[in-house]
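Visitor: I'd like to learn how to read a fold like this one, step by step. Could we go through it together?

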Amino acid sequence: MSSTPDYLNDATYHRPVMLRECLEALNLQPGGRYVDVTFGGGGHSARILEHLSTGHLYSFDQDADAEHEAAKLARPQFTFIRANFRDLYTELKALDALPVDGLLADLGVSSHQFDTPERGFSTRFDGPLDMRMNAEDGATAADIINEYPETDLHRIFGMYGEVTNARTLAQTVASARRGQTINTIAELKKAIASCTPRGKENKYLAQVFQALRIEANDEMKALQEMLSATAQVLRPGGRLVVMSYHSLEDRLVKNFMAKGKFFGEAEKDLFGNTNQPFDVVTRKPVEASPEEVAANSRARSAKLRVAVRKE
């Protein structure tokens with residue numbers, strides 16, 4: 001076993017955040033059945049497999065690049081499922097793989113996706129405004145920029161990017177696209193330069209890109225559908241382990257684990273008992289150590305929450 005800290009391992013394709021903490025939270029058993037709904041570069045999946053003997057791991061990802069990486073882990077204890085994790089229950093039921101003992105979700109964008117210019121996820125490069133997790137299907141970020149009504153742009157910039165001048169930004173985009181299309185990252189940056197606060201360019205652009213990415217991939221609805229399915233997928237005592245990277249995701253995860261719903265108060269029966277399906281293990285989210293953040297800046301915003309399916 002390597003003495004290298006977990007946060008320095010698996011760095012060639014994707015460096016998994018809080019790897020040790022995720023594995024411990026799953027309470028892995030050699031004969032258990034587990035799901036990694038965000039395979040990415042396979043860092044978490046590979047380490048889960050190390051703990052299994054007669055058990056099995058099912059890993060989801062809709063990205064063709066992830067499917068290519070998954071081929072490197074081929075073994076009897078592993079099944080890769082090329083699908084959006086919103087189809088969690090349907091896919092596992094079709095494989096007669098229910099219930100499971102633990103489920104891991106590492107939300108957001110993989111290091112590989114961020115570092116591949118032609119995927120369009122990162123503000124660091126020029127490239128096409130794509131941002132699709134599944135690059136073979138659906139509307140791109142460019143489609144959203146060029147085709148959405150100004151009112152819808154205002155909505156997604158404000159709701160998903162939490163951009164303070166969302167209305168002005170939407171007006172600026174709508175004006176800039178008249179008579180031309182905005183197809184690349186450089187073109188978008190130029191089009192919205194007048195809206196970008198001086199000295200805060202990186203943060204602002206990250207918020208704009210986050211909004212476009214969430215909309216392009218229908219991320220909030222997909223997350224709600226996946227989380228809702230976990231109550232059917234996990235056996236009593238099974239572990240739900242979710243790591244999020246921005247407040248919108250974290251709020252949904254926190255509310256679902258605590259209340260069994262995403263908005264409002266927990267529902268109660270006639271006797272005043274709540275019927276949420278999980279017991280929360282982490283009253284406060286687990287965060288990466290200063291050492292890991294120094295080695296991997298992506299870990300800075302990560303929040304890990306854990307819950308157990310009630311008996």
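Visitor: Let's begin with strand 1 and strand 2: do they pair in the parallel or the antiparallel sense, and over how many bridges?

Guide: The general idea is that strands of a sheet pair through backbone hydrogen bonds, either parallel or antiparallel. Keep in mind that this is a predicted model. Here, strand 1 (residues 33-36) and strand 2 (residues 56-61) run in the parallel sense, with four bridges between them. If you want one to find on screen, Val-35 has Tyr-58 of strand 2 as its bridge partner.

Visitor: How many bridges join strand 1 to strand 4?

Guide: Three, and strand 4 (residues 100-106) runs parallel to strand 1. Look at Asp-36 for an example: Leu-104 in strand 4 is its bridge partner.

Visitor: Zooming out, what is the strand order of the sheet?

Guide: Read it as 3-2-1-4-5-7-6: seven strands in an open sheet with mixed pairing. The edges are strand 3 (78-82) and strand 6 (278-280), each of which pairs on one side only. On average, neighbouring strands are turned by 20° against each other, ignoring direction.

Visitor: Which strands does helix 1 touch when it packs on that sheet?

Guide: Helix 1 (residues 19-26) touches strand 1, strand 4, strand 5 (234-244) and strand 7 (303-309). The direction of helix 1 makes about 165° with that of strand 5.

Visitor: Now helix against helix. At what angle do helix 7 and helix 8 cross?

Guide: The axes of helix 7 (residues 150-159) and helix 8 (residues 166-176) cross at roughly 135° and come within 8 Å. The two helices are therefore oblique to each other, and helix 7 passes helix 8 in a right-handed crossing. On the helix 7 side, the contact includes Leu-153 and Phe-157, while helix 8 brings residues including Leu-169 and Val-173. By class, this contact has seven nonpolar, three polar and two charged residues.

Visitor: And helix 11 with helix 12: roughly parallel or roughly antiparallel?

Guide: Start with the angle: helix 11 (residues 219-233) and helix 12 (residues 247-259) have axes that cross at roughly 20° and come within 11 Å. Angles under 35 degrees count as roughly parallel, so helix 11 and helix 12 are roughly parallel to each other. The crossing is right-handed. Residues that meet here include Leu-223 and Leu-227 from helix 11, with Leu-252 and Phe-256 among those from helix 12. The class count for helix 11 with helix 12 is seven nonpolar, three polar and two charged residues.

Visitor: Let's finish with the backbone. Which peptide bond is cis?

Guide: As a rule, most residues other than glycine have a negative phi, and most peptide bonds are trans. In this model, the bond from Leu-98 to Pro-99 is cis, with omega near -5°. You'll find Pro-99 in the loop between helix 4 (88-94) and strand 4.

Visitor: What is the phi of Met-131, and where does that residue sit?

Guide: Met-131 has a positive phi of about 70°, although it is not a glycine. Look for Met-131 in the loop between helix 5 (111-115) and helix 6 (141-147).

Definitions and conventions: Residues numbered from 1 in each chain as written. Predicted model: local features only at pLDDT ≥ 70, side-chain atom pairs only at ≥ 80, totals over all residues. Heavy atoms only, no water. Pairing = 2+ DSSP bridges. Axes fitted to C-alpha atoms, helices over the stretch in contact; angles between N-to-C directions. Parallel < 35°, antiparallel > 145°, perpendicular 65-115°, else oblique. Left-handed = near helix turned anticlockwise from the far one by under 90°. Contact = heavy atoms within 4.5 Å. Nonpolar A, V, L, I, M, F, W, Y, C, P; charged D, E, K, R; others polar.
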